[in-house]
Amino acid sequence: MEKSGSLEIFRAKVEREVSLPFADHGIQAGFPSPAQDYIDEALDINKIVVRNPLTTFYARVRGDSLIDDDIKDGDLLVIDKSLEPRSGDLVVAAVEGEFTLKYLEVNPQGVWLMPANENYDPIPLDPEDPFQIFGVVTWYLKKPGHAR
């Protein structure tokens with residue numbers, strides 16, 4: 001585990017397969033449908049969320065700078081360091097030695113790290129100042145508000 005700023009970062013461990021029961025027909029979010037008596041499929045979540053095991057990390061969100069996009073304190077991030085960051089990507093950046101989670105915006109006026117909370121200001125990135133894009137968020141996993 002690496003801890004810096006407001007993120008705790010963990011290396012993805014995918015050496016061992018962990019398959020869990022999977023309802024491959026889906027769960028109805030509208031009108032109820034007849035329930036299956038059994039589930040015969042299995043799913044390994046790592047095979048879905050991890051494309052590049054050697055460059056993938058997990059992190060837990062700390063703070064509320066992305067609350068308007070429903071990314072909340074405690075949500076789990078899947079971060080891939082091998083991806084080239086593009087404008088509009090949700091990225092983990094190291095600015096002045098601290099990790100931050102923001103949207104990358106590149107436009108003719110410059111490069112910015114953008115929050116999704118009006119209480120936070122965008123962070124301009126000056127090429128003269130040291131900053132690093134640690135990785136691109138490929139997934140985030142949420143725990144329902146009422147879950148234990």
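This is a predicted model: local features need pLDDT of at least 70, side-chain atom pairs count only at pLDDT 80 or more; totals for chains, interfaces and linings use all residues.

Residues are numbered from 1 along each chain as its sequence is written, and side-chain values use heavy atoms, with hydrogens and water left out.

**Confidence**

- The chain has an average pLDDT (the predictor's confidence in each residue, from 0 to 100) of 80, and 72% of the residues score at least 70.
- Confidence is highest in strand S9 (residues 110-114), with a mean of 94, and lowest in strand S1 (residues 2-4), with a mean of 41. Strands here are DSSP runs of E, at least two residues long, numbered from the N terminus.
- Over residues 1-5, pLDDT stays under 50.

**Nonpolar cores**

- A nonpolar core is a set of buried Ala, Val, Leu, Ile, Met, Phe, Trp, Tyr and Cys residues joined through side-chain atoms within 4.5 Å. Buried means under 20% relative accessible area, exposed over 50%, and partly exposed in between, using a 1.4 Å probe and protein chains only.
- The largest core has 16 residues, and Leu-77, Ile-79, Val-92, Leu-101, Phe-134 and Val-137 have the most contacts inside it.
- Strands S5 (56-60), S6 (76-80), S7 (90-95), S8 (98-107) and S11 (131-141) each give two or more residues to this core, and S7 gives the most, with three.
- Another core, of seven residues, lies apart from it and includes Ala-93, Val-95, Leu-125 and Val-136.

- Asp-80 lies in strand S6 and counts as buried because its relative accessibility is 2%.
- Leaving aside neighbours within four places in sequence, Asp-80 is in contact (heavy atoms within 4.5 Å) with several residues, among them Arg-51, Asn-52, Thr-55 and Thr-138.
- Thr-55 is 25 residues from Asp-80 in sequence, yet their C-alpha atoms are 5.7 Å apart in space.

**Two positive phi values**

- Asp-70, in the loop between S5 and S6, has a phi near 60 degrees, a positive value in a residue other than glycine. Asp-70 is partly exposed, at 35%.
- Glu-96, in the loop between S7 and S8, has a positive phi near 50 degrees and is exposed, at 71%.

Notes: Helices (H or I, at least four residues) and strands (E, at least two) are DSSP runs, numbered from the N terminus.
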